[in-house]
Amino acid sequence: MTNTGKIPKVDQTTRYDVLVVGAGLAGLRAALAVDPQLSCVVLSKVYPVRSHSVAAQGGINAALDAEDQWQHHAFDTIKGSDYLADQDAAEFMCEDAQRAVYEMEHWGTLFSRRPDGRIAQRSFGGQGYPRACYAADKTGRALYQTLFERAVARRIAVFEEFFVLSLVVAERRVAGVLAIEIASGRLIAIPARAVIFATGGAGMMYARTTNPYIATGDGLAIAYRAGVPLKDMEFVQFHPTTLPGMNVLITEGARGEGAYLLNAEHDRFMGRYAPKLMEVAPRDIVSRAIETEILEGRGFADAYVHLDLRHLGDDLIRHRLSEIYDFAITYRGINPVRDPVPVQPGQHYIMGGIATGIEGQTELAGLYAAGECAAVSVHGANRLGANSLLDTLVFGRQAGLAASRFCREAGQGPPIPEQHWQGWADRLADLRSHAGRDHYAPIRRQLRATMTDSVGTFRDAKHLAAARATLRALRDAYAHAGVTDSGTVFNYDLLAFVETGFLLDVAATVVEGALLREESRGAHWRRDYPARDDEKFLKHFLFTWSAEGPVVGEAPVVVTHYQPKPRTY
Ligand SMILES: Cc1cc2nc3c(=O)[nH]c(=O)nc-3n(C[C@H](O)[C@H](O)[C@H](O)COP(=O)(O)OP(=O)(O)OC[C@H]3O[C@@H](n4cnc5c(N)ncnc54)[C@H](O)[C@@H]3O)c2cc1C
């Protein structure tokens with residue numbers, strides 16, 4: 001591998017109509033919705049099946065039964081969101097859910113079945129009816145397989161292992177993206193009329209997370225840097241049940257099937273926090289309950305409680321929860337048929353994201369976003385389990401349809417201006433030729449520790465202000481940091497450096513929103529403001545990039561049929 005200190009020449013590739021960034025469920029569903037007459041390409045920084053969607057376990061919500069109705073699903077979603085969801089968007093998603101699930105079934109998804117052949121459904125947190133459709137505890141994989149096969153059959157081109165660095169904006173609309181071909185280090189500018197971001201979450205901001213290493217908030221940071229506002233960033237979901245150590249997820253489906261949470265005193269403590277729904281209360285409530293048990297000394301020594309599945313029986317555990325059965329044995333050496341499983345909360349999902357409307361449209365003409373990187377907002381202050389897979393399919397499709405309409409109406413996009421890629425080319429060349437500067441890894445570690453310690457389940461002004469100061473110091477340190485690998489071929493050191501910059505930008509918006517929101521709502525719990533305050537805070541925060549840090553604006557919450565009420569379970 002040679003280090004010339006220079007970046008290879010920037011190539012301009014074919015011009016596309018629609019360019020999708022992200023090959024998870026949202027990205028593939030978007031690509032499949034693009035008008036086949038238009039040219040479309042999907043970019044992914046990893047081989048597509050390594051997208052996090054494939055790891056989804058427990059289910060996807062839809063009101064399918066005659067006794068259930070989409071309006072009930074919408075109400076549960078809105079109440080679950082602590083009334084911060086835009087109700088028109090939540091209604092749209094829940095009404096479209098039945099179509100989305102049956103479409104997947106007709107396309108070939110092998111859902112688990114009831115004895116009469118209908119799609120099996122299980123209870124999930126905060127739902128008044130068992131409406132999570134599932135394929136054992138491998139629902140994401142089953143859905144993904146279906147979309148992947150369809151994308152192959154449609155001959156949708158996927159550029160895999162292409163890392164998008166930035167969004168190109170010219171003449172106040174999208175002109176394309178700038179990306180690195182990871183295998184060669186080649187920088188390429190890809191012109192497109194419309195771009196759809198489906199880049200997933202940002203769990204790597206936190207030390208304890210169920211998310212994979214690739215969940216670094218790239219799409220959020222890239223859109224934000226291009227002037228597109230992010231929304232509701234202070235709302236970060238902590239999943240109640242992850243295995244201590246690697247924080248591998250134990251699906252909510254386990255509690256949906258009837259597993260109990262027990263503290264070190266063998267007390268089924270959820271009765272004190274959510275007497276009606278117990279273990280299947282929404283995630284924010286269960287996570288706080290577990291943390292409280294641990295903080296008040298009723299947990300086990302290494303900060304965990306027990307999830308007891310034993311009474312569910314060997315057959316159910318091995319067949320309907322086979323993946324977590326394997327995980328518990330592989331990662332903790334515990335057989336859940338015989339022993340309770342240690343669990344603790346861990347970061348799992350971000351409710352916030354690129355601010356979009358119901359069609360996936362953003363403030364920037366030609367830019368759309370869908371899936372976990374977008375905030376429509378259907379999840380508000382707390383997402384209900386099994387609503388994210390639904391969100392990816394419903395709003396992925398919406399974004400694909402809307403981007404196609406945009407292409408037909410908006411004409412050819414502007415060319416990519418040379419000064420855009422020159423800035424990145426210079427920066428990357430500089431990093432490669434100065435290998436040996438202080439490495440970014442300690443910055444990333446400190447960021448993750450700070451977020452977990454001070455911006456987690458429980459928050460207060462003092463810790464948040466300290467986190468903000470730490471993040472600013474990390475930002476300054478990052479400006480002078482570097483990499484050790486000076487090569488061009490598969491330089492993951494360089495990519496992780498870039499991702500760390502993305503994480504720092506995204507984390508700054510989380511902390512800013514958490515400081516400003518002086519109330520407790522959904523997953524955002526302020527010890528110093530423990531009540532919800534609708535008068536002051538029934539609104540979204542919007543975060544716009546500036547050199548000094550996020551500038552915060554506001555947007556109203558759309559209320560259609562459901563007036564905010566106290567949220568008890
Ligand atoms: C362990 C686990 C279990 C879950 N279980 C459930 C469940 O049962 N039900 C449910 O509803 N939800 C579940 N969720 C949440 C849900 O799976 C995710 O929110 C959802 O799948 C996200 O899909 P996505 O398409 O938005 O992004 P992802 O599937 O995360 O895909 C992101 C894509 O973006 C690409 N990308 C990112 N950055 C770049 C870049 N810079 N350049 C190029 N490409 C890039 C990646 O390569 C990837 O292809 C679970 C989440 C986890 C972590």
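This is a predicted model: local features need pLDDT of at least 70, side-chain atom pairs count only at pLDDT 80 or more; totals for chains, interfaces and linings use all residues.
Residues are numbered from 1 along each chain as its sequence is written, and side-chain values use heavy atoms, with hydrogens and water left out.

Helices (H or I, at least four residues) and strands (E, at least two) are DSSP runs numbered from the N terminus. Axes are lines fitted to C-alpha atoms, for helices over the stretch in contact, and angles run from 0 to 180 degrees between N-to-C directions. The axes of helix α12 (residues 441–454) and helix α14 (residues 492–516) come within 10 Å and cross at roughly 25 degrees; α12 and α14 are therefore roughly parallel to each other. Their crossing is left-handed, a term used if the near helix is turned anticlockwise from the far one by less than a right angle, with right-handed used if clockwise. In contact (heavy atoms within 4.5 Å), Ile-443, Arg-444, Leu-447 and Met-451 of α12 meet residues of α14 including Ala-496, Glu-499, Leu-503 and Val-511. By class, this contact of α12 with α14 has nine nonpolar, one polar and two charged residues, where Ala, Val, Leu, Ile, Met, Phe, Trp, Tyr, Cys and Pro count as nonpolar, Asp, Glu, Lys and Arg as charged, and the others, Gly among them, as polar.

For helix α1 (residues 25–33) and helix α10 (residues 388–410), the axes come within 7 Å and cross at roughly 35 degrees, and the crossing is right-handed. The contact of α1 with α10 has seven nonpolar, four polar and two charged residues.

The ligand is surrounded by 38 residues, the closest being Ser-51, His-52, Ser-53, Gly-58 and Glu-372, with a residue taken as near if one of its heavy atoms lies within 4 Å. An oxygen atom of the ligand lies 2.5 Å from a polar side-chain atom of Ser-53, and one lies 3.5 Å from a backbone N or O atom of His-52.

Most residues other than glycine have a negative phi, and most peptide bonds are trans. A cis peptide bond, with omega about 5 degrees, joins Val-376 and Ser-377, and Ser-377 is found in the loop between β18 (374–375) and α10.

Key. Angles under 35 degrees count as roughly parallel, over 145 as roughly antiparallel, 65 to 115 as roughly perpendicular and the rest as oblique. A polar contact is a pair of N or O atoms within 3.5 Å; within protein, one must be able to donate a hydrogen and the other to accept it, and residues adjacent in sequence count only if both atoms are side-chain atoms.
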